[in-house]
Amino acid sequence: MDWQATCCTCCLRGDRPFPSSTKAGIPFSRINPWHARKFAEATGKLAKTDQVDAVMLARMGALLEPRTSDICNEQQSALQELAAARRNLIRDGTALLNRQQNLQLSLLKRLTRYRLRQIADMKV
């Protein structure tokens, strides 16, 4: 298995691998960036460049053999994206409610109420 391709694919993008790699059927592993950084530090590589990261991820994959992740289909990706958007809306709504208590200007109060109504409509 080509660990350099599989590990780099997931770490550079975060939660999801690059679309081109999933279409090509390249297996990938989700690697916690903090774990990857600690692995690099443990091996004495403190430089932070793409080339060094790629080599370290390849070495980490070869030594630790992380399990490969399943590739999400389009529906699963869409559901994940919707769930993330919903979480963000809830977070934004909570922040607006907290901020609303301290607003003095009527314009800002009106805009905040409008935005809260928009968020409430999206939750339905």
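Buried residues account for 23% of the 124 residues in the chain. The model is a predicted one. Its secondary structure amounts to 6 helices and 0 strands, and read from the N terminus the elements follow the order α-α-α-α-α-α. The chain exposes about 9200 Å², of which carbon and sulfur atoms supply 54%. Of the contacts between residues at least 6 apart in sequence, 51% join residues at least 24 apart.

### Confidence

The chain has a mean pLDDT of 79, and 75% of its residues reach 70 or more. Among the elements, the lowest mean pLDDT, 47, belongs to helix H1 (residues 3-13), and the highest, 90, to helix H6 (residues 106-123). The pLDDT is below 50 over residues 3-14, a stretch that has 32 contacts in the model beyond near neighbours in sequence. Where pLDDT is low, the predicted coordinates should not be read in detail.

### Nonpolar core

The largest nonpolar core is made up of 7 residues: Ile31, Ala36, Phe39, Ala40, Met56, Leu57 and Met60. Helices H3 and H4 are the elements that give two or more residues to this core.

### Salt bridges in helix H3

The structure holds 2 salt bridges. In one of them the side chains of arginine 37 and glutamate 41 meet, at 3.8 Å from N to O. Both residues lie in helix H3 (residues 33-42), where they are 4 residues apart, about one turn of the helix. In the other, the side chain of lysine 38 meets that of glutamate 41 at 3.3 Å, again N to O. Lysine 38 and glutamate 41 are separated by about one helical turn because they are 3 residues apart in helix H3. Through shared partners, these salt bridges join Arg37, Lys38 and Glu41 into one network. Side chains of opposite charge can pair when their charged atoms come close.

How exposed are the residues of this network? Arginine 37 has a relative accessibility of 26%, so it counts as partly exposed. Glutamate 41 is partly exposed as well, with a relative accessible area of 34%, and lysine 38 is also partly exposed, at 38%.

The table gathers the accessibility values of residues discussed in this report.

| Residue | Relative accessible area | Class |
|---|---|---|
| Arginine 37 | 26% | partly exposed |
| Lysine 38 | 38% | partly exposed |
| Glutamate 41 | 34% | partly exposed |
| Glutamate 65 | 58% | exposed |
| Glutamine 100 | 26% | partly exposed |
| Leucine 105 | 54% | exposed |
| Threonine 112 | 9% | buried |

### The loop between H4 and H5

Glutamate 65 is located in the loop between helix H4 (50-64) and helix H5 (74-100). The phi of glutamate 65 is positive, about 45°, although this residue is not a glycine. Most residues other than glycine have a negative phi. Is glutamate 65 buried or exposed? With 58% relative accessibility, glutamate 65 counts as exposed, because the class begins over 50%.

### Helices H5 and H6

Glutamine 100 belongs to helix H5, and threonine 112 to helix H6. In sequence the two are 12 residues apart; in space their C-alpha atoms are 6.8 Å apart. Which residues does threonine 112 touch, not counting those up to four places away in sequence? They are Leu96, Gln100 and Leu103. Glutamine 100, with neighbours within four places in sequence left aside, is in contact with Thr112, Arg113 and Leu116.

Glutamine 100 is partly exposed, with a relative accessible area of 26%.

### Nonpolar surface patch

Leu105, Leu107, Leu108 and Leu111 make a nonpolar surface patch of about 370 Å². Leucine 105 has its place in the loop between H5 and H6. With a relative accessible area of 54%, leucine 105 is exposed.

Notes
Residues numbered from 1 in each chain as written. Predicted model: local features only at pLDDT ≥ 70, side-chain atom pairs only at ≥ 80, totals over all residues. Heavy atoms only, no water. Buried < 20%, exposed > 50% of the residue type's maximum accessible area, 1.4 Å probe, protein only. pLDDT = per-residue confidence, 0-100. Contact = heavy atoms within 4.5 Å. Salt bridge = Lys/Arg side-chain N within 4 Å of Asp/Glu carboxyl O. Core = buried A, V, L, I, M, F, W, Y, C linked by side-chain atoms within 4.5 Å. Areas by Shrake-Rupley, 256 points an atom, 1.4 Å probe, with all protein chains shown as cover. Patch = residues over 30% accessible without salt bridge, like charges linked within 9 Å, V, L, I, M, F, W, Y side chains within 5 Å.
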